[in-house]
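Open the model in your viewer and keep the selection panel at hand. The stops below go from one selection to the next.

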Amino acid sequence: MERDWNELFCWFHRHPEIGFQEYETTAKIREILKEEGLTLHPAELETGVIAVVEGKKPGKTNGKTICFRADIDALPIEEKTNLSYASEHPGCMHACGHDFHTTVALKVASLLNQRKENLAGRIYFVFQPAEEVASGAEYVRKNGCLPEFSEVFGFHAEPSLRPGQVSIQSGSVMAAVDGFRIDIRGKGTHGATPQLGVNPITTAVSVVEKLGRVVPEQLSPLHAGVVSVTHIEGGATWNVIPETAFLEGTVRTMDGRDRSRIKEEIHRIARGVEREGRVQTKVDWQEGPSAVINDKELCESARDLAQKHGLQNVVLDPAMTGDDFSKFVPEGSDIKGLYIKVGTGSSENLHSDRFKVDASALEQTAEFLAELLEKQAVC
Ligand code: NI
């Protein structure tokens with residue numbers, strides 16, 4: 001009997017689970033993969049699943065080893081969509097479309113499994129946990145017992161595009177996501193006798209002001225970057241100069257050199273205020289996934305195929321948000337990556353408690369992606 005993929009999507013939507021707790025989701029994915037006759041790849045994953053389709057096409061070339069990655073986790077958000085299939089898990093919601101990603105990937109896996117007699121190469125379907133906490137991709141790379149890939153494909157639901165539209169662009173399409181924290185230690189004293197202490201809050205203010213000048217003064221005006229201070233804390237009351245203060249924030253860049261430059265500049269600022277202000281500073285740089293960079297040739301080939309499928313390619317601005325998809329395509333490696341944005345209809349933005357996916361995009365997206373993988377698997 002033909003599977004109702006739309007109903008499966010609704011099931012995933014009703015059962016969201018946050019990063020590394022996707023137990024029900026994992027069990028469901030395994031169940032569907034087995035029913036569709038796929039081979040599960042032996043991986044040591046607590047949550048997340050890997051399946052493989054081994055092409056059976058006869059001939060001299062045995063094709064490429066390709067990865068198709070879909071993220072499966074949800075967010076700690078209380079859903080307010082009023083959908084008939086809204087979340088049944090209080091305080092948890094598929095607000096980033098990963099329910100759509102999971103369903104599409106299952107359908108793509110099923111389609112390619114049916115076509116394996118004509119398929120060259122091996123395609124690994126990685127159902128990745130914990131994208132939202134930016135550590136699932138690294139976890140799968142460490143514990144997935146994966147082979148070397150020549151190409152890695154991923155996609156994301158895009159609420160600014162309607163079903164039938166896609167965005168396939170070469171170069172950086174999403175930013176590197178790093179965090180930083182700067183701790184400042186001064187000398188605490190009575191609020192009435194500042195001359196007897198060193199106020200770390202004064203230094204923190206000066207650091208915030210200097211950080212605001214990093215992007216305009218250190219990056220080319222033609223390059224995009226963000227340094228946002230998002231949290232600052234120091235002191236507990238009105239008449240005490242505290243001993244310590246700290247601030248933290250995020251850095252977003254599209255280019256590896258800009259990324260290193262900003263990191264170095266943040267350290268330089270901290271050393272600078274230490275010299276000027278008689279304080280001690282400590283910088284904690286929290287390195288996240290690098291930028292998502294699309295390969296030019298893969299883009300061209302995907303665009304041609306999209307057109308054949310009646311999909312309209314729309315140029316979008318690169319996003320300063322990130323995706324740990326880039327962990328599968330390490331900078332400087334020969335692995336080629338392609339990350340496609342797929343129109344899922346007008347809605348509140350990703351991560352909103354009113355975000356919705358128009359599931360009518362499901363079939364067309366899966367057909368297109370299956371053919372793209374099939375075409376790329378040939379050497
Ligand atoms: Ni997402």
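Start by selecting Arg69, Asp71, Asp323 and Asp324, which are linked in a network of salt bridges; a salt bridge is a side-chain nitrogen of Lys or Arg within 4 Å of a carboxyl oxygen of Asp or Glu. By this rule the count comes to 27 salt bridges.

Before moving on, note that this is a predicted model, in which local features need pLDDT of at least 70 and side-chain atom pairs count only at pLDDT 80 or more, while totals for chains, interfaces and linings use all residues. Residues are numbered from 1 along each chain as its sequence is written, and side-chain values use heavy atoms, with hydrogens and water left out.

**Whole chain.** Show the cartoon: the protein has nine helices and 16 strands, which are DSSP runs numbered from the N terminus (helices H or I, at least four residues; strands E, at least two). Along the principal axes, the C-alpha atoms fill a box of roughly 80 × 45 × 40 Å. Of the 379 residues, 53% count as buried; buried means under 20% relative accessible area, exposed over 50%, and partly exposed in between (1.4 Å probe, protein chains only).

**Nickel site.** Select the nickel ion next. Its donors are Cys96 (SG), His98 (NE2) and His156 (NE2), at 2.1 to 2.3 Å; donors are N, O and S atoms within 2.8 Å of the metal (3.2 Å for Na, K and Ca), and water is not among the atoms, so sites may look incomplete. Cys96 lies in the loop between strand S3 (65-71) and helix H3 (98-114) and His156 in strand S5 (residues 151-158), so the pair ties together parts that are 60 residues apart in sequence. Cys96 is buried at a relative accessible area of 6%, and His156 is buried with 6%.

**Helix H3 to helix H9.** Select Lys107 and Glu363, whose side chains meet in a salt bridge (2.9 Å, N to O). Glu363 lies in helix H9 (residues 362-377) and Lys107 in helix H3, so this pair ties together parts that are 256 residues apart in sequence. Which of the two is buried, and which is partly exposed? Lys107 is buried at 6% relative accessibility, whereas Glu363 is partly exposed at 41%.

**Gln165.** Go to strand S6 (residues 165-167), where Gln165 is found. Gln165 counts as buried, at 10% relative accessibility. Its side chain makes a polar contact with the side chain of Gln312 (2.9 Å); a polar contact is a pair of N or O atoms within 3.5 Å, where within protein one must be able to donate a hydrogen and the other to accept it, and residues adjacent in sequence count only if both atoms are side-chain atoms.

**Two domains.** Colour domain 1 (5-174 + 292-378) and domain 2 (176-287) separately; these bounds come from an automatic or database domain assignment. Their centres, taken over C-alpha atoms, are 38 Å apart. Eight residues of domain 1 are in contact with nine residues of domain 2, contact meaning heavy atoms within 4.5 Å. The area buried between the domains is about 610 Å², that is, the accessible area (1.4 Å probe) that two parts lose on being put together, summed over both. Select Ser172, Met320 and Glu331 to finish: they supply 70% of the area that domain 1 buries against domain 2, more than any other three residues. The count of salt bridges between the domains is zero.
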